[in-house]
Amino acid sequence: MKSDITSILPEECISYILSLTSPTDVCRSKLVSPVFRSAANSDTIWGKFLPSDCYEIISNSPSSLSKRLTASMSKTQLYFHLCNRGVLIDNGTMSFGLDKATGKKCYMMGARRLSIAEVNTPTNWRWKCLPQSRFSEVAELKQVWSLDVKGVIETKILSPKTTYVAYLVYKFATSRSGFDKKPVDLHVKLEESDAGRTFRVFLDPSSNIPQFSRERGDGWMEVKLGEFFNEHGDDGKAVCRLREVDNSTPKKGLIIEGIDIRPKDSR
Amino acid sequence: MSSSNNSGKVLKLKSKDNQIFEVEESVAIQSELIKNVVEAGCDIGVIPLLTVHSKTLRNVIEWCQKHVDYVEENDSGSNEEEIKNWESEICEEGNNNGSDDEETKNWESEENNNGSDEEEAKNWESEGNNDGSNKEEVENWEWEENNDGSDEEELENWESKFVDVDKDSLYALLLAADYLSIDSLLERVIKQVADVIKQCRSVEEVRQTFGIKSDFTPEEEEEIREEISWID
């Protein structure tokens, strides 16, 4: 009859042991027993899973409420807050969070931070405030002939040794056109390399064509732009792009929240 | 040549079941607890370790001895000292021009060896040359240069075998390492248990492996499942 580890080792020890596993393993182990559940909620564990520069990144937050909230949170609370909600940084143009399963960094670049062709021409695009967006503004397409959306992120702010996937986060206005008949080109690459595939998909396909976009669960859709591997963060910038430059069809009714960058397999 | 401050002093450690172990001070002070006792001057007679059974203590001592041996064999600090000693000895010994065929062959870059001591020392330094009287030092130096990686690996393998024991022994080691404050042992044992947990494929497997009884009510279990439903 094997001895019960929880009756031999103090709970602190169990927490220390769990901190050497992974966020997913720790959460699963909450089901093991009441002692494991309690040990799994220890700040020691979640503090270890937070990125080492986490507080530095958050201190960049424009909102003092946000700063106060995060300052008063335990490490455990902060970890899950960053996973579930994220924090706005860089003048509110970017959202910073963590991937729950691994603790790796995630970022969403808001529409204001992207390079969108003709975005400042009022007949083409307008800036809107939508309550379901984490950002103060989203970009709504009124009409363009040539669609070109680009987001650029520095690899040095990302977690090392990680494959990242970039998604365009968007939805359609009640009336839209141009996206069912014409596909868009999606591409992600590290600026210093020529690698990176271009995918061609329909954003608004008719029912007999495969759907590449999916619901995110927060009211928005997302479509994968591509992926890249970040080794040490010294590869310069990753460029994520969506284009449809067939000038024969006008495009209307696309609403862009931003470009989401997160570790592969995170959802 | 060894850099350990082995004053040869031997400490007496008493296990919980009253067995006395005689251990060299340099080995025993791997334990912060014992180190503090020694520094406080309380290491007269026998040091009682009230919570550590002799079976575990024996293993702990073996761990400490291995780590002391490893540090002595690989202390790069003493190598720098060796090189400095070697250089100054060469200068003192005077002109060795031509007395060593190997040396002569290795002076490829310098055609005209005028035998000035400083120049010789510099050549020898850059070529790693053995002038015979310091052969042992040079051998160790070169050996260290060439074997750095594999020694670390050897230690890791040894440590892995050391912690490959039944659960009860593992817990005893953990508690002893914690009580005695031996960081290297504590970390290695904890990592071992963590690795076992990572390999378990289900909650039930964790329970079986570690002898845990779960006394959640069905409601509590449901609550937790809800909480971790994000895991696929």
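Which strand of chain A does Thr162(A) lie in? I looked, and Thr162(A) belongs to strand 8 of chain A, the stretch covering residues 162–177. A note to myself before going on: this is a predicted model.

**Entry 1: Thr162(A)**

Next I asked myself: is Thr162(A) buried or exposed? Its relative accessibility is 3%, so Thr162(A) counts as buried, the cut-off being under 20%. I then checked what Thr162(A) touches, leaving out residues up to four places away in sequence. The list I wrote down is Lys104(A), Phe228(A), Phe229(A), Asn230(A) and Pro263(A). I also looked up a pair: Thr162(A) and His232(A) are 70 residues apart along the chain, yet their C-alpha atoms are separated by 9.0 Å.

**Entry 2: Ser63(A)**

I moved to a loop. Ser63(A) sits between helix 6 (54–58) and helix 7 (64–71) of chain A. With a relative accessible area of 30%, Ser63(A) is partly exposed.

**Entry 3: a sheet in chain A**

In what order do the five strands of the open sheet in chain A stand? I read off 4-7-13-9-10, with antiparallel pairing. Strand 4 (115–116) and strand 10 (198–201) of chain A are the edge strands, and each pairs on one side only. A reminder from class: strands of a sheet pair through backbone hydrogen bonds, either parallel or antiparallel. I zoomed in on one pair here. Strand 9 (residues 184–190) and strand 10 of chain A run antiparallel and are joined by four bridges. Along this pair, I found Val184(A) opposite Val201(A) of strand 10.

**Entry 4: chain B overall**

How many helices and strands does chain B have? I noted 11 helices and three strands. Going from the N terminus, I wrote the elements down as β-β-α-α-β-α-α-α-α-α-α-α-α-α. Chain B has 232 residues, and 38% of them count as buried. I also checked contacts between residues at least 6 apart in sequence: in chain B, 63% of these join residues at least 24 apart.

The three strands of chain B make an open sheet in the order 2-1-3, and the pairing is mixed. Why does strand 2 have one side without a neighbour in the sheet? Strand 2 (20–24) and strand 3 (46–48) of chain B stand at the edges with a single partner strand each, so one side of each is left without a neighbour. On average, neighbouring strands in this sheet are turned by 35° against each other, direction ignored. Strand 1 (residues 10–14) and strand 2 of chain B run antiparallel, and five bridges join them. I spotted Val10(B) standing opposite Glu24(B), which is in strand 2. Helix 3 (residues 54–74) of chain B packs on this sheet, where it touches strand 1 and strand 2. The direction of helix 3 makes about 10° with that of strand 2.

I followed up on Tyr179(B), which is placed in helix 8 (residues 167–180) of chain B. Tyr179(B) has a relative accessible area of 30%, so it is partly exposed.

Conventions. Residues are numbered from 1 along each chain as its sequence is written. Chains are lettered from A and ligands numbered from 1 in the order in which they are written. This is a predicted model: local features need pLDDT of at least 70, side-chain atom pairs count only at pLDDT 80 or more; totals for chains, interfaces and linings use all residues. Side-chain values use heavy atoms; hydrogens and water are left out. Two strands pair if DSSP finds at least two bridges between them. Helices (H or I, at least four residues) and strands (E, at least two) are DSSP runs, numbered from the N terminus. Axes are lines fitted to C-alpha atoms, for helices over the stretch in contact, and angles run from 0 to 180 degrees between N-to-C directions. Contact means heavy atoms within 4.5 Å. Buried means under 20% relative accessible area, exposed over 50%, partly exposed in between (1.4 Å probe, protein chains only).
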